[in-house]
Amino acid sequence: MKNERREKIIKVFQVNDSVVRTKTLREHKISSRDLYELITMGEVVKVKTGYYALNTSLAKLTDFEWVHQLIPNGIISVFSAASVYELTTVNPMAISVTISSNMIKPSLPDYPPIEFFFSSEANLLMGVSDFQMDGKSVTMYNRERTVCDFFKYSARVGNDLALEVLKNYMAGKEKNLSLLFEYAVKLRVKKYIKPYVEALL
């Protein structure tokens, strides 16, 4: 491969946020042979079927940024959000990502490990915030939505853990009870949360 051709392909990756889909590569007339050569040279890595990335970019991406690249409509949630907000002592083994229940579950790479949660389209964007982490913006649910989600998924995460998250939320300085109850009503968990909140006030 000529150096001019190589630089042109590398630029396509750089312009398209590091991880690029096969569809985008085809639009730029980059063939499977081009990819094979760059993979052989160690400059490009196949992330999963249909997704490729520059080798140099992989080391720079955090796990949360990886998730955003691979699942742009996904929202960091539940265990991962609770860990960031220090609402739980549990160290998540996978990144929790919420997607629309209407969305087909995407295929995933071996790394990072990702655990899916599902939300109705009506509630998907409720409580979404842009959290700043290491100088970069991460799409994640806020504290109030995170607390409500633990009760919403209590059969999956456990009642004890849901209560731990609520207790830590109530003990913290950053809380908005009116917003918490607003979300709790929409997610149909207010009857479970309200008695604990009243007892912890």
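This is a predicted model: local features need pLDDT of at least 70, side-chain atom pairs count only at pLDDT 80 or more; totals for chains, interfaces and linings use all residues.
Trainee: Which residue takes a positive phi in the hairpin of strand 2 and strand 3?

Mentor: The two strands pair in the antiparallel sense, and the hairpin has two residues between them. The positive phi there is near 85°, and the residue that takes it is Gly50.

Trainee: At what angle does helix 1 run to strand 3?

Mentor: Helix 1 covers residues 3–15 and lies across strand 1, strand 2 and strand 3. Those strands form the open sheet with the order 1-3-2. Relative to strand 3, helix 1 runs at about 105°.

Trainee: Now to strand 5 (residues 95–100). How many of its residues are buried?

Mentor: Consider its partners as well: two bridges join strand 4 (residues 75–76) to strand 5 in an antiparallel run, and six bridges join strand 5 to strand 6 (residues 114–119) in a parallel one. Strand 5 is mostly covered, and the buried count is six of its six residues.

Trainee: Which residue in strand 5 is the bridge partner of Ile76?

Mentor: The pairing of strand 4 and strand 5 is antiparallel, with two bridges. Over on the parallel pairing with strand 6, Ile99 stands opposite Phe118. Ile76 has as its bridge partner in strand 5 Val97.

Trainee: Turning to Val128, how far apart in space are Val128 and Thr139, C-alpha to C-alpha?

Mentor: Val128 is found in strand 7 (residues 128–133) and is partly exposed, with a relative accessible area of 32%. Leaving aside neighbours within four places in sequence, its contacts are Ile75, Thr139, Met140 and Tyr141. Val128 and Thr139 are 11 residues apart in sequence, and their C-alpha separation is 6.7 Å.

Trainee: Good, on to charges. What is the N to O distance between Arg33 and Glu37?

Mentor: Both residues sit in helix 3 (residues 32–40), and because they are four residues apart, about one helical turn separates them. Arg33 is exposed at 64% relative accessible area, while Glu37 is partly exposed at 23%. Their side chains meet in a salt bridge, with an N to O distance of 3.9 Å.

Trainee: Arg143 and Glu174 also form a salt bridge. How many residues apart are they?

Mentor: Their side chains meet at 3.4 Å, N to O. Arg143 belongs to helix 7 (residues 143–152), whereas Glu174 is in the loop between helix 9 (159–171) and helix 10 (177–186). Glu174 is exposed, at 54% relative accessibility. The pair links distant parts of the chain, with a separation of 31 residues.

Trainee: In which helix do Glu198 and Lys194 lie?

Mentor: Their side chains meet in a salt bridge at 3.9 Å, N to O. Glu198 is partly exposed at 49%, and Lys194 is partly exposed at 36%. The two are four residues apart, about one turn, and both lie in helix 11 (residues 190–200).

Trainee: Are helix 9 and helix 11 roughly parallel or oblique to each other?

Mentor: Their contacts bring Leu163, Leu166, Lys167 and Met170 in helix 9 against Ile193, Tyr196, Val197 and Leu200 in helix 11. The axes are 10 Å apart, at an angle of about 40°. Roughly parallel would need an angle under 35 degrees, so the two helices are oblique.

Definitions and conventions. Residues are numbered from 1 along each chain as its sequence is written. Side-chain values use heavy atoms; hydrogens and water are left out. Two strands pair if DSSP finds at least two bridges between them. Contact means heavy atoms within 4.5 Å. Axes are lines fitted to C-alpha atoms, for helices over the stretch in contact, and angles run from 0 to 180 degrees between N-to-C directions. A salt bridge is a side-chain nitrogen of Lys or Arg within 4 Å of a carboxyl oxygen of Asp or Glu. Buried means under 20% relative accessible area, exposed over 50%, partly exposed in between (1.4 Å probe, protein chains only). Angles under 35 degrees count as roughly parallel, over 145 as roughly antiparallel, 65 to 115 as roughly perpendicular and the rest as oblique.
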